[in-house]
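Dear colleague,

Please find the structure below, handed over together with its sequence. My notes on what was found in it follow after that.

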Amino acid sequence: MIDALPLFHRIAGSPVVVLGEGDAAEAKRRLVERAGGLVFTDLAEGIASGARLAFVALEDDAAAEAGVAEARAAGLLVNATDRPALCDFTVPSILDRSPVLVAVGTGGASAGLAKQLRLRLEALLPQALGRLATGLSEVRLALRERFPDAAVRRRALDAALAAGGPLDPLVDGSAGRVEAWLADAVQPPEDTVEIVLRSDDPDDLTLREARLLGTADVVIHESRIGSAVLDRARADAVRVEMDAELPSSPLHGTTVILRRFR
């Protein structure tokens, strides 16, 4: 189970309350403005303007708790700096390759750890990653025309964006190959793969097994397969217990069969 549901919240043009003074409050103000939000430093004014989010960056514990309570009473979701127990949401460390954003969070456990992980990822992800995303967005209609079926379209993109694929996101130059790839793209073959698990620990999956599970359209599994492994599959993949009836509609795409070692 995950401790929080990661979401990307659009706040451009929307009021956001930021309470406090000093470096912590200033950092939150900059973050809100960077996302296009309208900063209100007075809670009452923010509430009257329709604010739905509040950042409380007050050093005094009593004042911070009072600010959080007042904001919540007005129906706002609250982030309290350095006070995870008071937070309705936490702020991740953000890697910006707009429109691609990578958010690294620790649920408030350690902002320093999140920052260092983000810095490592900064070195891995090309600056042109945003241009690749924009290029894919621009050919979205043409991609739908070439592959009308959503499952086929997803598999074609998976193959193109995989390691070593023509649009590998970790390779410089991929952003400039989108149109050429689409012009020659073919329907990927359907495939069925069986994985025999060695344990209930998802870390025991090989890289290939983890990739197959993460891109599978259908996961057929024994009932005793644990949720820790099943959670590595795509959230929208069809899941079928092996002792249950198969779905009435045909199963297409990549199918992964999960069994336990006996």
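A residue is called buried when its relative accessible area is under 20%, exposed when that area is over 50%, and partly exposed in between, using a 1.4 Å probe and protein chains only. Please bear in mind that this is a predicted model, in which local features need pLDDT of at least 70 and side-chain atom pairs count only at pLDDT 80 or more, while totals for chains, interfaces and linings use all residues. Residues are numbered from 1 along each chain as its sequence is written, and side-chain values use heavy atoms, with hydrogens and water left out.

By that definition D217 is buried, its relative accessible area being 5%, and its place is in the loop between α9 (207-215) and β8 (218-221); helices (H or I, at least four residues) and strands (E, at least two) are DSSP runs, numbered from the N terminus. The side chain of D217 makes a polar contact with the side chain of R154 at 2.5 Å, a polar contact being a pair of N or O atoms within 3.5 Å of which, within protein, one must be able to donate a hydrogen and the other to accept it, and residues adjacent in sequence count only if both atoms are side-chain atoms. Once neighbours within four places in sequence are left aside, the residues in contact (heavy atoms within 4.5 Å) with D217 include R155, R234, H252 and T254.

The open sheet has four strands in the order β7-β10-β8-β9, with parallel pairing, where two strands pair if DSSP finds at least two bridges between them. Since β7 (191-197) and β9 (238-241) stand at the edges, each with a single partner strand, one side of each is left without a neighbour in the sheet. β7 pairs with β10 (residues 254-260) in the parallel sense over seven bridges, and L197 stands opposite R260 in β10.

Turning to helix α3 (residues 61-73), its buried residues are A64, G67, V68 and A71. Seen down the axis of α3, these fall within an arc of 100° (taken from the directions from the helix axis to the C-beta atoms), so they line one face of the helix. They pack against α2 (43-48), β3 (53-56) and β4 (77-80), whereas on the other side of α3 A62 and A73 are exposed. The N-terminal end of α3 is capped by D60, with a side-chain oxygen 3.2 Å from the backbone nitrogen of A62, and just after α3 G75 takes a positive phi of about 90°.
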